[in-house]
Amino acid sequence: MESPVENGYRIFADLHTHTTYSHGKGSVEDNVRAAKFRGLKCVAITDHGIRHPLVGVSRKKFPAMRKDVQAAAEKFGIDVLLGIEANIYGMSGEIDLSDGDISMLDIVLAGFHASARPQKVSDIFMFQSGLVAGRLGKSSKEQIARNTKAYINCIKRFPIDILTHPGFWLQLDTYELGKACADYGTYVEISSRHRVPDEEGLEGFMKSGAMFVINSDAHLVQNVGRWEYALNLAAAAGLDEARIANAGNKPLVLRSKN
Ligand SMILES: [Zn+2]
Ligand SMILES: [Zn+2]
């Protein structure tokens, strides 16, 4: 089956979707049905890590999720990956997944969520300081350098396949971060849900040599496989399909599985 062409890109997988296991509205089966309907060959179920308040998924739920993933893959005949969107929660780049957890997953995503409990009090004053400034795009150079360092630490320490919504809440040096992503084989997400990176952020990532993924981060079933913002941004910047890991005619290569 050929992937649908939108804005000149053939995206074959949505690698970031949420279900009722965290605070998505649909079941695993609902998301997989929607992905199949949109002509995708693959969809990932990536609910929030445990530090996400109230809705984070504990590893006790992984077996039930795995069962749902297998059942939906058989029913709809497309690839379904089980993942988690981990929280980066300290300057050291710590995430809320153990090595054991990672070995149970098919794909590992990580991102910063302002609501996730920080590792140490000092992390509030380092990594999490200036959240409001970050939201407004008015972080100081020092804050941007610290945020970027925390992300790079994370990429170096853990086999992160995808860095989710970079630039949401925190401002980053996208050129420096992109270089680390390129070196370690972590993909930079262009997020339609959070509309990041912006034009300038994407420019830095593109110069760095990083590879990208285009994802919906759908929390609603009807948003699975929808990525208008990301495609428009990529097309306007002239991003080559060859640099998008979930587009074109290539196999999906994931760092956590290599
Ligand atoms: Zn997120
Ligand atoms: Zn998400």
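Me: Is His 165 buried or exposed?

Reply: The general idea is a cut-off: a residue counts as buried under 20% relative accessible area, and as exposed over 50%. His 165 has a relative accessibility of 1%, so it counts as buried. Keep in mind that this is a predicted model.

Me: Where does His 165 lie?

Reply: His 165 is in the loop between strand 7 (162-163) and helix 7. Its phi is near 25 degrees, which is a positive value in a residue other than glycine.

Me: Which other residue has a positive phi although it is not a glycine?

Reply: Arg 195 is one, with a phi of about 55 degrees. Arg 195 belongs to the loop between strand 8 and helix 8. With a relative accessible area of 53%, Arg 195 is exposed, whereas His 165 is buried.

Me: Which residues does a cis peptide bond join, and what is omega there?

Reply: The bond runs between Val 196 and Pro 197, and its omega is about -10 degrees. Pro 197 is placed in the loop between strand 8 and helix 8. Ser 192 is also placed in the loop between strand 8 and helix 8. At 13% relative accessibility, Ser 192 counts as buried.

Me: What is Ser 192 in contact with, leaving aside its neighbours within four places in sequence?

Reply: Contact is read as heavy atoms within 4.5 Å. By that reading, Ser 192 meets Asn 215, Arg 226, Trp 227, Glu 228, Tyr 229 and Ala 230.

Me: How do I read the sides of a helix, and which residues of helix 8 (residues 199-208) are buried?

Reply: For helix 8 the list is Gly 201, Leu 202, Gly 204, Phe 205 and Ser 208. They cover an arc of only 160 degrees around the axis, so they sit on the same side of helix 8. The face turned away from that buried side carries the exposed residues Glu 199, Glu 200 and Lys 207.

Me: What covers the buried residues of helix 8?

Reply: The cover includes helix 7, strand 8 (187-191), strand 9 (212-215) and helix 9 (228-237). Just after helix 8, Gly 209 takes a positive phi of about 90 degrees.

Me: Now pairs of helices. At what angle do helix 6 (residues 141-157) and helix 7 (residues 174-184) pack?

Reply: The angle is about 0 degrees, and the axes of helix 6 and helix 7 are 10 Å apart. That makes helix 6 roughly parallel to helix 7, because angles under 35 degrees count as roughly parallel.

Me: Which residues in helix 6 and helix 7 meet?

Reply: Helix 6 brings Thr 148, Tyr 151, Ile 152, Ile 155 and Lys 156, and helix 7 brings Glu 176, Leu 177, Ala 180, Cys 181 and Tyr 184. The residues of this contact divide into 7 nonpolar, 1 polar and 2 charged.

Me: How do I read a nonpolar core, and which members of the largest one touch the most other members?

Reply: Look for buried nonpolar residues joined through side-chain atoms within 4.5 Å. The largest core has 63 residues, and Ile 95, Leu 97, Tyr 151, Leu 177 and Ile 214 touch the most other members. Setting aside neighbours within four places in sequence, Leu 177 contacts Thr 148, Tyr 151, Ile 152, Ile 155, Leu 163, Leu 172 and Phe 205. There is also a second, separate core of 13 residues, with Ala 44, Leu 81, Ile 107 and Leu 254 among them.

Me: Is Gly 93 buried or exposed?

Reply: Gly 93 has a relative accessible area of 0%, so it is buried. Its place is in the loop between strand 5 (79-87) and helix 3 (99-103). Neighbours within four places in sequence aside, Gly 93 is in contact with Ile 88, Ala 150, Asn 153, Cys 154, Arg 157 and Phe 158.

Me: How should I compare sequence with space, and what separates the C-alpha atoms of Gln 171 and Gln 143?

Reply: Read the two separations side by side. Gln 171 and Gln 143 are 28 residues apart along the chain, and their C-alpha atoms are separated by 7.9 Å. Gln 171 is in the loop between strand 7 and helix 7. For another pair, Asp 79 and Ala 236 are 157 residues apart in sequence and 30 Å apart in space, C-alpha to C-alpha. Asp 79 lies in strand 5 and is partly exposed, with a relative accessible area of 49%.

Technical notes:
Residues numbered from 1 in each chain as written. Chains lettered and ligands numbered in written order. Predicted model: local features only at pLDDT ≥ 70, side-chain atom pairs only at ≥ 80, totals over all residues. Heavy atoms only, no water. Axes fitted to C-alpha atoms, helices over the stretch in contact; angles between N-to-C directions. Helix = DSSP H or I, 4+ residues; strand = E, 2+ residues; numbered from the N terminus. Parallel < 35°, antiparallel > 145°, perpendicular 65-115°, else oblique. Nonpolar A, V, L, I, M, F, W, Y, C, P; charged D, E, K, R; others polar. Buried < 20%, exposed > 50% of the residue type's maximum accessible area, 1.4 Å probe, protein only. Arc of directions from axis to C-beta.
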